[in-house]
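Look over the sequence and the structure below. The questions that follow go from the overall fold to single residues.

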Amino acid sequence: MVTDTAEGTATERTAETAAAGKNPEVAGVLLAAGGGRRLGGRPKALLEHRGRPLIEHAVRSLRDGGCGPLHVVLGAAAEEVRARADLSGCAVTVNPGWEEGMGSSLRLGLAALSATDADAALVLLVDQPGIGAEAVARVRLAYRSRTSLAAASYAGERGHPVLFGAERWADIAAGAVGDRGARAYLREHRDAITLVECSDVAEAYDIDTSQDLRHLE
C-alpha cells in the first residue's frame with residue numbers, strides 16, 4: 001500500500017524544500033507516559049535496559065535514525081523520569097491525563113509540534129526496545145510530502161514507528177482517544193500507507209507484562 005501523491009500546499013512546500021536544497025524536517029515523537037499497570041505499576045520509561053533507563057534507548061534510536069527535533073511525552077512518574085534519565089536535547093511534555101491512554105499522549109505530542117516547522121512526525125513507543133535506529137531511518141526515508149503516511153512493517157504486518165505528514169496531524173489528533181492512538185485513522189487510510197519492511201533490522205515486541213521483561217538486558 002503506497003501513496004506518493006500530494007496536492008496544493010503540500011506539493012508547493014515539497015517543491016520549495018527541494019529548490020532550497022533542504023532536507024525535510026522529520027520530528028521524533030516518543031510516547032513514554034505509560035504507568036506499567038501490568039508490570040506492577042513500574043513506569044515503562046524507567047525499566048532498565050543495558051544499564052540505563054529504557055527511555056534513553058528510545059531517544060537514541062530517534063536521534064541516530066535522523067529525526068529532529070525530538071519531543072518526549074511523559075506521564076507516570078514524570079519527575080522521577082526527568083531526574084534519572086538523560087533527556088538532553090529533547091523537548092519534554094508532561095501528560096497529566098496519561099491514565100486515559102496512549103491517545104492523549106499522541107494528541108499532546110502532535111500539538112507540541114504544531115508551532116514548529118516540522119514537515120512530519122515519526123512516532124515511536126518507549127516499550128519497544130527491539131526497534132532501533134535502522135528501522136527509524138528506513139521509515140523516515142519514506143517521507144515524500146506533508147501528506148505522507150508511512151509505517152514500519154514486520155513480515156507484512158503494520159507496526160511502529162509510524163510517520164505522519166504534518167497536514168494529517170489535526171485529523172489524527174481528533175481521533176486519538178483512549179488506548180487506540182492512531183489505529184482508527186490508520187485503518188481508515190490503510191490504502192494511503194507506505195509500508196516499510198523492517199523485520200530484518202528490528203523486532204516489534206512490546207514490554208507489557210512481567211514475562212516480557214526477558215527481552216531486557
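**Questions on the fold**

The chain has 7 helices and 9 strands, where helices (H or I, at least four residues) and strands (E, at least two) are DSSP runs numbered from the N terminus. This is a predicted model, in which local features need pLDDT of at least 70 and side-chain atom pairs count only at pLDDT 80 or more, while totals for chains, interfaces and linings use all residues. Residues are numbered from 1 along each chain as its sequence is written, and side-chain values use heavy atoms, with hydrogens and water left out.

Q: What percentage of the 217 residues in the chain is buried?
A: Buried means under 20% relative accessible area, exposed over 50%, and partly exposed in between (1.4 Å probe, protein chains only). Of the 217 residues in the chain, the buried share is 51%.

Q: Is Glu 79 buried or exposed?
A: Glu 79 lies in helix H3. Its relative accessibility is 57%, so Glu 79 counts as exposed.

Q: Is Arg 146 buried or exposed?
A: Arg 146 sits in the loop between H5 and E7. Its relative accessibility is 17%, so Arg 146 counts as buried.

Q: Which residue has the backbone oxygen that the side chain of Arg 146 reaches?
A: A polar contact is a pair of N or O atoms within 3.5 Å; within protein, one must be able to donate a hydrogen and the other to accept it, and residues adjacent in sequence count only if both atoms are side-chain atoms. Here the distance is 3.1 Å, and the backbone oxygen belongs to Ala 118.

Q: Which element gives the most to the lining of the largest pocket?
A: On a 1 Å grid over the protein atoms alone, a pocket is an open set of points where a 1.4 Å probe fits, with protein on both sides within 12 Å along at least five of seven lines; lining residues have an atom within 4 Å of a point. The largest pocket is lined by 34 residues, and those nearest its centre include Lys 44 and Asp 127. With 5 residues, the element that gives the most to this lining is E8.
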